[in-house]
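Visitor: I am new to this structure. Please show me how to read it.

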Amino acid sequence: MIKEFLFGISSALAETTGAAAAGTAAEGAAEEMAMSPVAAILQLVLPLVLMGAVFYFMLIRPQRKKDKQVKEMLNNLKHGDRITTIGGIYGTITGIKDDTITLAVGQKGGAPMEMTVARWAIRQVEEVSVENEGEILA
């Protein structure tokens with residue numbers, strides 16, 4: 001369909017530039033093969049533009065949208081959020097500094113174990129509360 005469309009454009013442009021078929025059959029075939037410069041440029045540029053549009057709407061735009069959601073999630077972190085790191089560690093946020101987050105990840109001898117991770121290492125914020133050894137972490 002696109003090929004027919006492009007050839008339709010090129011033949012219409014060839015007709016408007018004065019390339020009329022005259023003479024023998026061989027001369028007519030040669031004239032049909034010759035295209036105007038505008039038609040040749042359209043045949044080269046139009047598929048590239050269409051491919052660029054497809055890449056933008058199928059790859060670039062969704063990735064930007066996802067990156068924006070992740071950035072928003074990382075900016076909205078607060079004390080007490082239950083999170084998962086990219087390494088698969090579940091924890092509760094106990095402290096937030098510029099680019100580091102302190103997590104409570106369990107208990108050892110009654111005292112919570114804490115670890116510090118980079119802010120970018122957080123995969124998601126858990127929506128459900130989780131019970132951990134009788135203590136509800138929300």
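Visitor: In what order do the elements of the protein run from the N terminus on?

Guide: Helices (H or I, at least four residues) and strands (E, at least two) are DSSP runs, numbered from the N terminus. Here the order is α-α-α-β-β-β-β-β-β-β. That gives 3 helices and 7 strands. This is a predicted model: local features need pLDDT of at least 70, side-chain atom pairs count only at pLDDT 80 or more, and totals for chains, interfaces and linings use all residues. Residues are numbered from 1 along each chain as its sequence is written, and side-chain values use heavy atoms, without hydrogens and water.

Visitor: How many salt bridges does the structure hold?

Guide: A salt bridge puts a side-chain nitrogen of Lys or Arg within 4 Å of a carboxyl oxygen of Asp or Glu. The structure holds 1. Lys78 and Asp81 form a salt bridge through their side chains, at 3.2 Å from N to O.

Visitor: Is Asp81 buried or exposed?

Guide: Buried means under 20% relative accessible area, exposed over 50%, partly exposed in between (1.4 Å probe, protein chains only). Asp81 counts as buried because its relative accessibility is 10%. Of the protein's 138 residues, 20% count as buried.

Visitor: Where is Leu59 placed?

Guide: Leu59 lies in helix H3, residues 37-75. Its relative accessibility is 49%, so Leu59 counts as partly exposed.

Visitor: What share of contacts between residues at least 6 apart in sequence join residues at least 24 apart?

Guide: Contact means heavy atoms within 4.5 Å. In this protein the share is 40%.
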